[in-house]
Amino acid sequence: MSAPPAFRQQLLAAIPRLRRYARSLVFDGHAADDLVQSVLERALAHWRQFDPRRDIVLWLLSIAHNAHLDGLRRDRRLDVLPPERISEAMDAAQPPGTDIGLRLDLLAALERLPHDQRSALLLVLVEQLSYAEAAEVLQVPAGTVMSRVSRARVVMRAWLDGSAPASSPARSAARPDLRRVV
Amino acid sequence: MSRPDDFSDTDLSAWLDGELDADAGHRIEAWLHEHPEVAARTRLWAADRDALRARLDPVLDEPVPLVLQHTAQRVAPPTRWAQAAVAAGLLVAGGLIGAAATWQWQGQQVLAAQTAAQAGTPAGWVQRAALAHSVYVPEPRHAVEVKAQEEHLARWLTRRIDIPVKLFDLRDEGFELVGGRLLPDAAGKSAQLMYESTDAGAPKQRVTVYLRKPDANAPTAFRYQQQGELGLFYWVEAGAGYALVGALPKERLLALAQAIYKQQPAPMPASAAAR
């Protein structure tokens, strides 16, 4: 039996949020929609596993997370846009009249974050999930979400300030001087 | 390193995300007051958060690509086993009745519906009415293009779809007009009016009325169709095609359809109704 119409309608309603999350994970619009497409297919194939008392968006975001990780494992390049194409991709998605300079930096910094920090940061800041909800999506403890979000913020801000080398995200994240409270 | 009474970046970050209780929040606010440099840094974090949202939120308002809409609405692709069964069935049935086209599995039914939609048959526009219903009814913020309160709604839609559009009053049936929108139709344009239930004690229900200029020789009979949980009443009358769509019990939907039928406007005098 295929998924019932009520489930399909919920799915349909969740597409805009899925697209936003996918866009923030893979940047390129087409690759992002491919990710959404595979999330929808997985959701339809496994609709019986969805508990209707739960928030369908959380369920779909966790499918997106897993689908994205699978994609990364299959093809590391999926996640990384070649530097010469970043500005092209940004321009394509940029609504007119916005501050391109600032946002370019911001997204470039976001893209440089280690994947686990980036997804935690996006789920909390952009998708506005609580730490507990993000933990459910990422299948890690809430404390891990808390430290990943904090680390991602600190590192990203340091890159935006130009106060940390962009080349070694993992090491800069661990640098004690960046975590110290003045 | 930090003093014991200092707050770590993790604390500040959690505070910014609203994860701390009010008590801890007040202590951090008081502490930040005495540490303006740290406060400035948390403000930058907040600015980064706002910039990220500003950069990514516009995706929410982009039109959803059709291929994704279709994926969400289409029946699941048959499993390999089902495909094999169909193939085997076709081999046997093909010899007996020689008509692969009569073999229907779910995917083909949808295909047939899509083909009908392209062909502009009554089934086609009714299908489009159902699709438009499923697309816009779940929208919390952008369910309609023009709100019910705006006076020009009826005038605007009448001018655009070339048939008299009346804003049906369904309040006696417990539904209030939300608003309307213009939609693409096979040969031109159509309109959708959305109504929402007013019963405060029950979950909100939405129904839509799809209006279009009918094709020549379109059958005028009053018909009912059930598509999953959606019910559809559709008819052609006085130069206008109507489809009422909603996930309601048939009797309730019928009552609404009758209310609309009684209120429907007189045909347009000029060429509009003749074609």
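Reply: Start with a covered helix. The cover over the buried residues of α7(A) includes α3, α6 (115–125) and α8 (142–161) of chain A. Before we go on, a word on the source. This is a predicted model, where local features need pLDDT of at least 70, side-chain atom pairs count only at pLDDT 80 or more, and totals for chains, interfaces and linings use all residues. Residues are numbered from 1 along each chain as its sequence is written, while chains are lettered from A and ligands numbered from 1 in the order in which they are written.

Me: What makes α7(A) mostly covered?

Reply: Six of its eight residues are buried. A residue is buried if 20 or more other C-beta atoms lie within 10 Å of its own, exposed if 12 or fewer, and partly exposed in between, with C-beta atoms placed from the backbone. In α7(A), the buried residues are Y131(A), E133(A), A134(A), E136(A), V137(A) and L138(A). Just after α7(A), Q139(A) has a positive phi of about 55°.

Me: Why does A22(A) count as buried?

Reply: A22(A) has 26 C-beta neighbours inside 10 Å. The cut-off is 20 or more. So A22(A) counts as buried. A22(A) is part of helix α1 of chain A.

Me: Which residues is A22(A) in contact with, leaving aside its neighbours within four places in sequence?

Reply: They are A32(A), L35(A), V36(A) and A64(A). Two residues are in contact if their C-beta atoms, placed from the backbone, lie within 7 Å. A22(A) and A32(A) are 10 residues apart along the chain, and their C-alpha atoms are separated by 4.9 Å.

Me: What makes a set of residues a nonpolar core?

Reply: The members are buried Ala, Val, Leu, Ile, Met, Phe, Trp, Tyr and Cys residues, joined through C-beta atoms within 7 Å. The largest such core here has 54 residues, and V39(A) and A64(A) touch the most other members. Helix α1 (residues 5–26) of chain A gives this core its largest share, nine residues. A second, separate core has 40 residues, including V126(B), L131(B), I163(B) and F175(B). Back to V39(A): beyond its neighbours within four places in sequence, V39(A) is in contact with L18(A), L60(A), I63(A), A64(A) and A67(A). In soluble globular proteins, nonpolar side chains tend to be buried together.

Me: Why is α3(A) called oblique to α7(A)?

Reply: Look at the angle. Helix α3 (residues 56–74) and helix α7 (residues 131–138) of chain A pack at about 45°, with their axes 8 Å apart. Axes are lines fitted to C-alpha atoms, for helices over the stretch in contact, and angles run from 0 to 180 degrees between N-to-C directions. Under 35 degrees is roughly parallel, over 145 roughly antiparallel, 65 to 115 roughly perpendicular, and the rest oblique. That makes α3(A) oblique to α7(A).

Me: What makes α6(A) and α8(A) roughly perpendicular?

Reply: Their axes come within 8 Å and cross at roughly 100°. The range for roughly perpendicular is 65 to 115 degrees. So α6(A) and α8(A) are roughly perpendicular to each other. Among the residues that meet are A120(A), L121(A) and V124(A) in α6(A) and V145(A), V149(A) and A152(A) in α8(A). This contact divides into six nonpolar, one polar and five charged residues.

Me: How do you know what counts as a helix or a strand?

Reply: Helices (H or I, at least four residues) and strands (E, at least two) are DSSP runs, numbered from the N terminus. Chain A has 10 helices and zero strands. Chain B has 11 helices and seven strands.

Key: Ala, Val, Leu, Ile, Met, Phe, Trp, Tyr, Cys and Pro count as nonpolar, Asp, Glu, Lys and Arg as charged, and the others, Gly among them, as polar.
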